[in-house]
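User: I am new to this structure and would like to understand what the terms used for it rest on. Could you take me through a few of them with care?

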Amino acid sequence: MTEFKARFHLPGLRYNYPLNMLWISLLRTHPEFFREGVEIGSIFGCFPLSIWNGGRSTGTDQCDAGFVRNVIKSINSAGIPVRYTYNSPIVEEEDLDDPFCNFCMDEANNGMNEVIIVSPLLEDYLRKKYPDFEYNSSTCKEIKDVDALNSEIDRNYKYVVLDYNLNGKWELIDKVSHPEKLEILINPVCDPACPRRGEHYRTIAINQKIVLHNRRLPPEKRKPTIPWKCEAGERNSVYDIQKFPTVVKPDRIWEEYVPRGINNFKIEGRTANIIGLIDVYCTYMLRPECIGPARLLLMRNLEESHVITINKPKPQPFILSNGKPY
């Protein structure tokens, strides 16, 4: 019997952490707002600045130990896994003993948590040192052949995130040996079949290494990062991307994917604008008639938590024509 569940994997252990915790609370306190079968499958991302990170740049930001511990504890206490996105395609032997990344793994090494990965070198290292984590295969591998995809699925992965350019390609998806192990990235903001996708991932990883190396150098010896310009990228909103054939619209999740036994859906947006991400969450997970009341409740909570700040005009004195204050 097909499991009528839609598990959403939400982006952000750093910038979106307050939003994600409020969203988890909203699902618990107002389940009537949500579409049938909605669950939170994981919260994915990394704690900056992780040299193993890939896919999205976190600039020069850095987390302290207390923040890392608190986020892991809060998410796991809600019964939800933390999923590290360690997607760098250029991990080298010298990177494996990175103290910050290993600290993050140690703190989450409780049998609940996961890693999504690209590098075979890093995967081999992590599986040996941290066997209690679940491991997932990343969409960044860009696997487009059904035989290669089935081979990947047959490996010891919890889920394999489908290359989003295959979204809706039923002639291929229907040949997948274990559809229950597929995860679908439903809101890719990049142009379909972008020829620079792999180059972009690699550039982000190289720039991370440059930033970390520069920390140990005086300003005059620091190396500039590689410039990168993307015409689409994360400035695209959930409304702009509806024209892309790679985007999975909400009704299709329940009408086409779930009946095929595909229950896991990844939402892109680790470094997205928080206001835009709220619209993404509401569009995909809420009943259409409940979006307005739920969004208003969520925005009020974010303001009360000082995640969103509404600045009021500062009072100014009114000066009379004779130069005296009113």
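Analyst: Let us begin with contact, which means heavy atoms within 4.5 Å. This is a predicted model, and in it serine 74 touches Tyr17 and Met21, when residues up to four places away in sequence are not counted.

User: Where does serine 74 sit, and how far is its C-alpha atom from that of tyrosine 17?

Analyst: Serine 74 belongs to helix α2, which covers residues 65-77.

User: What makes the approach of the serine 74 side chain to asparagine 70 a polar contact?

Analyst: The side chain of serine 74 reaches the backbone oxygen of asparagine 70 at 2.9 Å, and a polar contact requires a pair of N or O atoms within 3.5 Å, so this distance meets the cut-off.

User: Why are strands β1 and β2 said to pair?

Analyst: Pairing needs at least two bridges, and β1 (residues 6-11) and β2 have 6 in the parallel sense, so they qualify.

User: What makes strand β2 count as mostly covered?

Analyst: A residue is buried when its relative accessible area is under 20%, and 7 of the 8 residues of β2 (residues 38-45) are buried, so the strand is described as mostly covered.

User: How many cavities of 30 Å³ or more does a search of the whole structure find?

Analyst: The search finds 1 such cavity, and the largest cavity holds about 70 Å³ of space. Its lining residues include Phe44, Cys46 and Arg270.

How values were computed
Residues numbered from 1 in each chain as written. Predicted model: local features only at pLDDT ≥ 70, side-chain atom pairs only at ≥ 80, totals over all residues. Heavy atoms only, no water. 1 Å grid on protein atoms, 1.4 Å probe; cavity = no way out; pocket = protein on both sides within 12 Å on 5 of 7 lines; lining within 4 Å. Points joined across faces, edges and corners; volume = space filled by probe spheres on them. Helix = DSSP H or I, 4+ residues; strand = E, 2+ residues; numbered from the N terminus. Polar contact = N/O pair within 3.5 Å; in protein donor to acceptor, adjacent residues only side chain to side chain. Buried < 20%, exposed > 50% of the residue type's maximum accessible area, 1.4 Å probe, protein only.
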